[in-house]
Amino acid sequence: MVDVKKVQSWLTLFGEKVTENKEHLNQLDTAIGDGDHGSNLTRGAAAVKEKLDGQSYDELTDLFKDVGMVLVSKVGGASGPLYGSAFISMAKEAKNDADLSQLITAGLDGIVKRGNAKTGEKTMVDMWSPVIDSIKDGSLSDESIDEILQKTKDMKASKGRASYLGDRSIGHIDPGAQSSAYLFQALIEAGVINE
Amino acid sequence: MSKVYGILLVSHVEEVASGLLRLLDQVAGDVTIKAAGGTEDGDVGTSFDRITEAVESFDEDQILCFYDLGSAKMNLDMTKETSDKIMTIFDTAFIESAYTAASLLQASVPIDGIKEQLESLKIKE
């Protein structure tokens, strides 16, 4: 069973990380996108914080659902529907007493359904998919997350705003993969992983 | 006579959506066309809430939706999943296809004929 209180601190921590790294995310996005990934996620994080502050959840599904709906509503860019769909999909999966890898897999399914990206297209999918493997074999760490992240650098984008750049998208870390790296670093830090 | 189809224009920029609306109104004065551009703060982006609100405000039950870039489509897809309206989202060239649909609806061309003409304007996956 994944602990609902730990998940709440995971999501709060994720919000803090994207807020602290807002400029970095914007810079990555400026190189190959529209430059607002950090600002958009920071806006979403503030709305999530407002929703979660002082709230205590009994059910994981309710927590994920609230977070998902807030992100869909408040994040202006593609990351709103993508992260939102991930959490809404995790909310559904959480009803089945899912373990962590099953939850994150459901999140990835939500992202893929929304954005239609496969692995290797230089998107957040290239973080989520290998992270799920690492969770399953117990090897997820800050180092493995960074290794996965760096691999997006040499990929050529074929989905999302960066795809308009074609070959010019090569050589830059994908901003969506970077924000997802913060999400999974927060997962480790909040102690959700060591259940 | 109550109309069946309306047109929704979704762009990342409010003025792009409202500007296109102006262009279409010129050729399709009897067609209900609405724009949902930008975020709720007036920034560049698209808004699920704004799109949903626009969709629900149609008297028509079926909405032909046109959009500019990817995240607009994602928000349209989410609205489609949650709304009772029947939404058709076209992965076609934004301006040309919305113009085509508006002119043909104005000329009372049946929907199958409109969809057929839009097929050649498909440029997005």
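A residue is termed buried here if 20 or more other C-beta atoms lie within 10 Å of its own. By that criterion, helix 6 of chain A contains a series of buried residues, including Leu103(A), Ile104(A) and Val112(A). The model is predicted.

**Helix 6 of chain A**

- Helix 6 of chain A comprises 16 residues, 100-115, and at 1.5 Å a residue it should span 22 Å; the 23 Å separating its end C-alpha atoms agrees with this.
- Asn116(A), which follows helix 6 of chain A, has a positive phi, near 60 degrees.

**Pro175(A)**

- Pro175(A) lies in helix 9 of chain A, which covers residues 175-189.
- Pro175(A) counts as buried because it has 32 C-beta neighbours inside 10 Å, against a threshold of 20 or more.
- Although 147 residues separate Pro175(A) from Leu28(A) in sequence, their C-alpha atoms are 5.4 Å apart.
- Beyond its neighbours within four places in sequence, Pro175(A) is in contact with Leu25(A), Leu28(A), Asp29(A), Gly33(A) and His37(A).

**Contact between chains A and B**

- The contact involves 13 residues of chain A and 14 residues of chain B.
- On the side of chain B that touches chain A, helix 2 (48-56) and helix 3 of chain B each supply at least two residues.
- Helix 3 of chain B gives the most to that side, with 6 residues.
- The side of chain B that touches chain A consists, by class, of 7 polar, 4 charged and 3 nonpolar residues.

**Helices 4 and 5 of chain B**

- Helix 4 (residues 94-106) and helix 5 (residues 111-119) of chain B pack with their axes 10 Å apart, at an angle of about 155 degrees.
- Helix 4 of chain B is therefore roughly antiparallel to helix 5 of chain B, since angles over 145 degrees fall in that category.
- The crossing of these two helices of chain B is right-handed.
- Helix 4 of chain B contributes Ser97(B), Thr100(B), Ala101(B), Leu104(B) and Leu105(B) to the contact, while helix 5 of chain B contributes Gly113(B), Ile114(B), Gln117(B) and Leu118(B).
- By class, this contact between helix 4 and helix 5 of chain B has 5 nonpolar and 4 polar residues, with no charged residues.

How values were computed:
Residues are numbered from 1 along each chain as its sequence is written. Chains are lettered from A and ligands numbered from 1 in the order in which they are written. This is a predicted model: local features need pLDDT of at least 70, side-chain atom pairs count only at pLDDT 80 or more; totals for chains, interfaces and linings use all residues. Helices (H or I, at least four residues) and strands (E, at least two) are DSSP runs, numbered from the N terminus. The expected span of a helix is 1.5 Å times one less than its number of residues. A residue is buried if 20 or more other C-beta atoms lie within 10 Å of its own, exposed if 12 or fewer, and partly exposed in between; C-beta atoms are placed from the backbone. Two residues are in contact if their C-beta atoms, placed from the backbone, lie within 7 Å. Ala, Val, Leu, Ile, Met, Phe, Trp, Tyr, Cys and Pro count as nonpolar, Asp, Glu, Lys and Arg as charged, and the others, Gly among them, as polar. Axes are lines fitted to C-alpha atoms, for helices over the stretch in contact, and angles run from 0 to 180 degrees between N-to-C directions. Angles under 35 degrees count as roughly parallel, over 145 as roughly antiparallel, 65 to 115 as roughly perpendicular and the rest as oblique. A crossing is left-handed if the near helix is turned anticlockwise from the far one by less than a right angle, and right-handed if clockwise.
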